[in-house]
Amino acid sequence: MQRKLSQWATKDPTKRFVDLYSLLCNAVWLRVAHHFVNTNQGRATAGVDGTSRSNCNADVEGNLQLLREVRIAKTFDPLPVRRVYIPKANGQKRPLGIPGIRERMVQEALRMLLEPIWEADFSVHSYGFRPNRSTYDAMTYMGKRLVRQGGDHYQWVIEGDIASYCDTIPHRRLMQAVQKRIADRNIRDLLWQFLRAGVMHRGSVSETLAGTPQGGIVSPLLANIYLHELDRYMEATYLNLPYWRRQRRRAQGKANYLYVCYADDFVVLCNGRKEEATQMKEELTTVLNQMGLVLSQEKTKVTHITEGFDFLGYRVIRSIGTSGKMIPKVLIPDRAIKRFRHATRRILAPSSFNESAQARILAANRCIRGWCAYYRCTNSPGMVFNRLRPEVFWGMAHWLGRKYKSSIPEIMKKYYAEGNTYPFSTVHNFFTK
């Protein structure tokens with residue numbers, strides 16, 4: 001059914017879908033949604049009703065049948081999301097809204113329904129929270145086009161960031177965007193209920209008059225649907241121009257642009273003058289204001305490619321390569337290295353001596369594996385990994401020495417003299433892999 005929805009949407013870009021609500025009442029559709037929620041990373045987190053995964057799984061078929069009956073009767077009333085805060089890299093806290101188990105299953109069923117339709121419309125320049133797309137794809141696209149090709153020598157960069165995007169999306173305008181594809185009033189009413197469900201924090205419920213709750217399953221899709229308007233503007237105005245139009249613009253002294261978007265972060269590359277890049281920044285500010293959004297002036301900068309810029313946790317810069325020519329490079333930012341060092345030091349802090357060595361090794365392995373996997377595709381990552389390897393290795397050795405009140409030679413003799421023995425084998429070899 002998802003394949004059919006995608007084919008119909010691709011064949012007719014103006015098609016408005018009707019009678020989709022029956023799929024949400026389908027037993028198989030709900031069972032698949034439950035399977036996703038039951039295997040998701042945040043499956044153990046309860047909502048405001050306190051219902052956990054184990055409570056729901058105690059009678060899966062009964063709960064699914066009850067949910068199906070509620071959907072058929074159209075009496076489903078979403079509960080408010082539970083507000084929690086998680087720390088950000090800049091020291092601030094990001095608000096998350098955690099729906100209940102029942103609400104998550106309905107949201108997943110909605111996502112399964114809407115995503116195939118909108119994937120037929122979404123821009124190829126948008127990479128955030130989409131199936132089969134990742135930060136690697138965005139960086140690969142940008143890196144290939146930063147290589148000078150004919151007159152397309154992109155040298156000015158607009159680093160765009162929408163201020164509090166997920167918290168400021170206008171609900172009515174969002175529903176108008178959804179209405180362009182979804183004619184089924186029951187589906188739109190259900191989405192509206194989720195948007196207006198409210199937030200519970202410290203026992204008090206507050207209304208949600210704008211934004212999509214970060215933490216909801218369907219929220220990333222709704223955020224992409226609304227930002228699709230910006231993608232369409234950039235494509236129609238600058239990106240989908242034929243080759244001869246781009247050549248004519250360059251002959252007239254006008255700039256051409258490249259655009260890469262990942263959720264509320266985007267980058268625009270300009271092959272003209274700095275003044276044209278600044279004008280593009282002002283133009284984007286106007287377009288977003290018309291959408292009811294605000295471009296963060298603090299985070300939105302116009303920089304030269306030789307100075308470098310940060311995007312999606314990478315450092316992108318054009319500098320001299322081994323051949324003596326200017327080439328684009330994707331590097332590991334210094335602040336990412338600093339955060340990794342802080343993370344490993346927290347794992348091996350003296351306050352963790354009461355935990356088992358195996359638990360600390362597993363925690364260190366998760367941190368190292370995730371960090372190295374994310375930056376393995378950068379230019380010369382081995383240089384950075386080799387610099388960090390001894391820090392982690394000897395940090396683990398000193399942690400074991402302090403825990404067991406032993407000297408470093410004794411620790412090395414006990415754990416490392418035999419070669420690949422626990423626990424040093426995993427920590428020592430991770431950076432090499």
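Which residue in E11 is the bridge partner of isoleucine 317? In E11, that partner is lysine 329. The model is predicted, so local features need pLDDT of at least 70 and side-chain atom pairs count only at pLDDT 80 or more, while totals for chains, interfaces and linings use all residues. Residues are numbered from 1 along each chain as its sequence is written, and side-chain values use heavy atoms, with hydrogens and water left out.

**The sheet**
- An open sheet is formed by 3 strands in the order E9-E10-E11, with antiparallel pairing; strands (E, at least two residues) and helices (H or I, at least four) are DSSP runs numbered from the N terminus, and two strands pair if DSSP finds at least two bridges between them.
- Strand E9 (309-311) and strand E11 (326-331) stand at the edges with a single partner strand each, so one side of each has no neighbour in the sheet.
- Strand E10 (residues 314-320) is joined to E11 by 6 bridges, and the two run antiparallel.

**Glutamate 61**
- Glutamate 61 lies in helix H5 (residues 60-73) and is partly exposed, its relative accessible area being 47%; buried means under 20%, exposed over 50%, and partly exposed in between (1.4 Å probe, protein chains only).
- Between the C-alpha atoms of glutamate 61 and proline 87, which are 26 residues apart along the chain, the separation is 38 Å.

**Cysteines**
- The structure holds 0 disulfides, a disulfide being a pair of cysteine sulfur atoms within 2.5 Å.
- For cysteine 367, the closest cysteine sulfur is that of cysteine 372, at 8.7 Å, which is too far for a bond.
- Cysteine 25 counts as buried because its relative accessibility is 9%.
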